[in-house]
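Here's a quick briefing on the model below. Have the structure open as you go through the points.

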Amino acid sequence: HLHRNEEVTISAIVDSSPHPTSNLDPNLESLATLATRYDCPIFHSLAELLESPIGKSMDGALVCTPHATHYAIGVELIQEAKRRYEEDEKNYKPLSVLMEKPMTTDVDEAIQLHTLLMERKEADKHNKDENDQRIGGGIGCFLVNHSANFRPQARAAHELIETGKLGDIRHVTAFFASPLSWIFDDPSNTGWNEKRGSMLGNGFAWGQQ
């Protein structure tokens with residue numbers, strides 16, 4: 001939890017609804033309650049936040065919205081980082097992004113986000129040294145959170161492959177089973193389940209890959 005980290009300040013909360021609802025958690029609190037708890041302002045759109053002094057000076061953003069919205073939000077944040085860079089190349093404050101999985105629900109959109117990030121890296125090449133971990137051009141770092149990668153089973157599989165004991169991996173067959181499969185068939189969960197662009201399969205399942 002961010003608010004438990006002494007080095008973190010929650011600068012703002014953004015949500016289009018004053019009181020979000022979800023079948024996954026019927027006890028979600030209103031934005032007003034959250035604003036009081038975390039002592040921060042509320043914004044009803046990312047654009048509104050980015051136009052404010054807070055948005056222009058914040059260090060980073062955590063994107064934990066319905067999967068199909070990730071692409072548009074990612075582009076908007078990258079554009080804010082670009083604005084900062086072009087406004088003052090030498091003294092700009094990098095904007096970092098931590099996006100919940102999946103990066104997008106469409107492969108083409110993921111490629112487009114990556115392309116935008118690489119353009120920022122190229123823009124700032126002359127300001128970087130070998131120890132600089134920033135992407136550059138306004139972006140501090142852009143990470144996609146997938147905590148399952150750090151589970152014991154995943155780490156063991158990674159280590160086994162790295163040893164070379166299995167030889168060259170040419171094909172993988174995987175089976176996905178989830179106690180949350182009921183989510184797939186609930187029409188009220190459109191925000192999580194909806195397909196987008198050229199993706200195949202269910203939107204929620206896509207996020208578990």
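**A quick tour of the fold and its core**

Let's start inside: Glu-80 is buried, at a relative accessible area of 5% (buried means under 20% relative accessible area, exposed over 50% and partly exposed in between, using a 1.4 Å probe and protein chains only). Bear in mind that this is a predicted model, where local features need pLDDT of at least 70 and side-chain atom pairs count only at pLDDT 80 or more, while totals for chains, interfaces and linings use all residues. Residues are numbered from 1 along each chain as its sequence is written, and side-chain values use heavy atoms, with hydrogens and water left out.

**Overall layout**

- The chain has eight helices and five strands (DSSP runs numbered from the N terminus, with helices being H or I of at least four residues and strands E of at least two).
- Reading from the N terminus, the order of elements is β-α-β-α-α-β-α-β-α-β-α-α-α.
- Of the 209 residues in the chain, 30% are buried.
- The chain's accessible surface is about 13,700 Å², and carbon and sulfur atoms own 54% of that (Shrake-Rupley method, 1.4 Å probe, with only the protein chains shown counting as cover for residues).
- Take the contacts between residues at least 6 apart in sequence: 65% of them join residues at least 24 apart (a contact is heavy atoms within 4.5 Å).

**Helix H4**

- Glu-80 sits in helix H4, which covers residues 70-87.
- Setting aside neighbours within four places in sequence, Glu-80 touches Leu-50, Gly-55, Lys-56 and Leu-95.
- H4 runs for 18 residues and spans 26 Å from first C-alpha to last, close to the 26 Å expected at 1.5 Å a residue (the expected span being 1.5 Å times one less than the number of residues).

**The nonpolar core**

- The largest nonpolar core has 22 residues, and Met-58, Leu-77, Ile-78, Ile-139 and Phe-142 touch the most other members (such a core is a set of buried Ala, Val, Leu, Ile, Met, Phe, Trp, Tyr and Cys residues joined through side-chain atoms within 4.5 Å).
- At least two residues of this core come from each of helix H2 (46-50), strand S3 (60-63), H4, strand S4 (95-100), helix H5 (107-123) and strand S5 (139-145).
- H4 is the top contributor to this core, with six residues.
- Beyond its neighbours within four places in sequence, Ile-139 contacts Ile-78, Ala-81, Pro-94, Leu-95, Leu-117, Arg-120 and Arg-134.

**The aromatic pair**

- There is one aromatic pair in the structure.
- The pair is edge-to-face because the rings of Tyr-85 and Tyr-92 have centres 5.2 Å apart and planes at 80° (rings of Phe, Tyr and Trp, the last by its six-membered ring, pair if their centres lie within 6.5 Å; planes under 30 degrees apart are stacked, over 60 edge-to-face and the rest tilted).
- Both partners are buried, Tyr-85 at 4% relative accessibility and Tyr-92 at 10%.

**Helix H1**

- Helix H1 (residues 31-38) buries Leu-31, Leu-34 and Ala-35.
- These residues lie on the same side of H1, because they cover an arc of only 105° around the axis (taken from the directions from the helix axis to the C-beta atoms).
- Ala-32 and Thr-36 are exposed on the other side of H1.
- Cover for the buried residues of H1 includes strand S1 (13-14) and strand S2 (42-43).
- After H1 comes Asp-39, with a positive phi near 55°.
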